[in-house]
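I opened my notebook on this one today. Here is what I looked up, in the order I went.

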There are 2 protein chains.
Amino acid sequence: MSRPRRETVRDVRRNNRSVILSTLFFAREASRFELARLTGLSPATVGNVVADLMGEGVVVEAGLKDSDGGRPQILLAINVAHGHLAGVDVGESRVRVELFDLGLRGLAKTEVPLRPGGEDPEEVARHIVHALDGLLELTGLEPGGLMGVGVGVPGTVSRQPASLVHAPTIGWKAVPLGAMLAGPRTPPFVIDNGAKMLGLAESWFGAGRGAEDLIMALVGTGIGASIISDGVTYRGSMGGAGEWGHTKVVRNGLACRCGGRGCLEAYAGPQAILRAAGRSVEGADERSAFAALLFDPAARPVLEEAVRHLGRGIGNLINLFNPERVLLGGWAGLLLGMEFLPQLREAAGEIALPYHFAHASIERGRLGAEAVSLGAAALVLDDFLSGGTRS
Amino acid sequence: MSRPRRETVRDVRRNNRSVILSTLFFAREASRFELARLTGLSPATVGNVVADLMGEGVVVEAGLKDSDGGRPQILLAINVAHGHLAGVDVGESRVRVELFDLGLRGLAKTEVPLRPGGEDPEEVARHIVHALDGLLELTGLEPGGLMGVGVGVPGTVSRQPASLVHAPTIGWKAVPLGAMLAGPRTPPFVIDNGAKMLGLAESWFGAGRGAEDLIMALVGTGIGASIISDGVTYRGSMGGAGEWGHTKVVRNGLACRCGGRGCLEAYAGPQAILRAAGRSVEGADERSAFAALLFDPAARPVLEEAVRHLGRGIGNLINLFNPERVLLGGWAGLLLGMEFLPQLREAAGEIALPYHFAHASIERGRLGAEAVSLGAAALVLDDFLSGGTRS
DNA sequence: GTATTTAGTTTAAGGTCCTAATTATGGGGA
DNA sequence: TCCCCATAATTAGGACCTTAAACTAAATAC
């Protein structure tokens, strides 16, 4: 029933600390006075909590605010050098690792291509660890200052027993990636689905800002969705919510790589589109081939047909989830969105209930296709903002 | 972002009071000692809070628990006579009103049939008020003791500005039902979608007990769904989440009464099934005609086809929401479930991803089709358990 | 250089929970 | 019948938290 849990006086402080820290993070800079106004807490409490945070080195003063009469406000900011975070994007063809400061500004990044068939979990884990070491060395940052590493994977992550990854497209089945990465003195790893991380990134910094109920429709090599409700990512009982790509849109339809028939991915995924257009599908060249297709007049009917499927799928999502915003992302989704956003909206509008459609906007994501690593780091940061103290 | 809100010391007490009250409600009876164990609170705190609650008359002592040596535990229980609740189910053909005590045991109920075309909001509101008065008189209960009335409607309820009801099937468009019902000294009315209330009822008392992630698939005259995630009902930005009946399952398919084409309801709704079986569809007789169909061998292929559509729809829901349980309810759904549950499961299994399907069970609801009013009362009770004090 | 204004800090008061000690209340045995 | 024992419930004391209000600090304006 998810009844609220017992609470004690110290939880109050934990909660208010988290409120202040989050508010300060999203405001980037604020004075104690502004924090009091923003959070509704009394100035005294803000002062106390800020004193704690400054004592820990999490918050620093960042100059004064001009005043015309009266004591100037002392601006505060998260101490972005207090630690750093890493985000990892395990894709179907490469592993991206990126280092961020506590303000989530990128410090350095690297990519390791995966040769086809080289998605062996052990190998991927080695790549991640190696890339992290490399980035730390490159930037000269203290390894002990790495507060956590978020890892986005192209599959389902169940969190209950441990973090087990199920990613059929790269052949992973109940892979204990978290345990494989953890070493004697490694930072904590947080594993989750890549689409969910992209959704978090867009929701914090991108086209999802300000929306509490949001769907991130990700069309990359695979198709997935991240559902954010009331500001929190919907996971379902085994962490597998949002498997949109394999909802069935045609009965006895085309075969899909998942083994099923009639999946959305088999109609609107880039591989399916390339195949329908009569282009050969080579792994590495997939993206450029797809981009080329976009401007080929001969391919237009094929693309429009795919967009129609995608739009219908979005219409059904709108009926089921009643979001206020739907964001199209992923490398293929962003390309399609550049050219076909009106057609997409039209197709969705034909499907969705008028009332629902009228209150939902459909837009492109704003952070590009490479924001999974940002979202992964954001997930770690979220833990920190909501109470985690660095040990 | 739904960041946590500022909290003060008194919120701790409010929260713990709610924890204790909820725990006691679901346990039906418990001693202070057991409550301490169950909630994790110290005996002292439980004692204090219980003293408050007894002072207010919300909780009463309910006998002793046998002990073999040592002071016996004093059993406590919610004082079911402390107030009463009402639940209203506005259906497409009748209005049901039911009175409950604080233990959600039914005290009395009544039904008002709606003549076709008689779904005028004003008239429905009059029916509700009149039926409530009648029930109060019948039972001799104090009208002032009515702590709240939940009203389930067959449509979408947006809560933001006020409670506006959108229910196309009965011709309601932005109906301010809450405001229409409220009088100078009426109890608070809580309006919500009927499927969501049924979902709450099954989740508290029926086949959904113990499940945190749950989908209630309601097949009545219309088709809808209630999605419960982490124990809370998913509403979406305008309260319209779960409009499953009008997701599109066939492209350019059959016309639906919503005006669209290819809706699930046009293939698996009882009216659609009756039509496909060549039976005439008369409003009042719909249910018995459908029930008769169920045992007509000639109609079997039609029914199986409908079940297949339903199962495929459930399979897609499982992919998107990753529930641990799917409950089939509504009068038509329960009938179909009696005969065709295996076929339904099979169809869903063909659609859903194996990992998702393996962790989701599909069952019939256990409370019957009439539990909407129970759920409506439960919604009101939930407010009370989580902090509401009766003024 | 003083008055004014606004930001931030200190202090006292009111709540809350927890631990530990104390009191209450039954059963069992002599 | 009376006393002891075991267990439940209550009370007392201490720690922690927020708030309101008084107070101090640090600027500008005249």
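**Where the chains meet**

I began with the two chains of this predicted model and found 52 residues of chain A in contact with 51 residues of chain B. I then asked which helices of chain A each supply at least two residues of the side that touches chain B. They are helix H1 (9-27), helix H10 (300-321) and helix H12 (354-358). H1(A) gives the most to that side, with eight residues. I also sorted the side of chain A that touches chain B by class: 18 residues are nonpolar, 23 polar and eleven charged.

**A sheet in chain A**

Next I turned to an open sheet of five strands in chain A, and noted its order as E14-E13-E12-E15-E16, with mixed pairing. Which strands sit at the edges? I wrote down strand E14 (232-233) and strand E16 (361-364) of chain A, since each pairs on one side only.

I followed one pair further. Strand E12 (residues 214-219) and strand E13 (residues 223-229) of chain A are antiparallel, with six bridges between them. I picked out A:Leu218 and found its bridge partner in E13(A) to be A:Gly224.

**Helices on the sheet**

Last, I checked what packs there. Helix H6 (residues 194-205) of chain A lies across E12, E13, E14 and strand E15 (325-329) of chain A, and runs at about 50° to E13(A). Helix H11 (residues 331-351) of chain A also packs on the sheet, where it touches E12, E15 and E16 of chain A. I noted that the direction of H11(A) makes about 160° with that of E16(A).

Note on methods
Residues are numbered from 1 along each chain as its sequence is written. Chains are lettered from A and ligands numbered from 1 in the order in which they are written. This is a predicted model: local features need pLDDT of at least 70, side-chain atom pairs count only at pLDDT 80 or more; totals for chains, interfaces and linings use all residues. Two residues are in contact if their C-beta atoms, placed from the backbone, lie within 7 Å. Helices (H or I, at least four residues) and strands (E, at least two) are DSSP runs, numbered from the N terminus. Ala, Val, Leu, Ile, Met, Phe, Trp, Tyr, Cys and Pro count as nonpolar, Asp, Glu, Lys and Arg as charged, and the others, Gly among them, as polar. Two strands pair if DSSP finds at least two bridges between them. Axes are lines fitted to C-alpha atoms, for helices over the stretch in contact, and angles run from 0 to 180 degrees between N-to-C directions.
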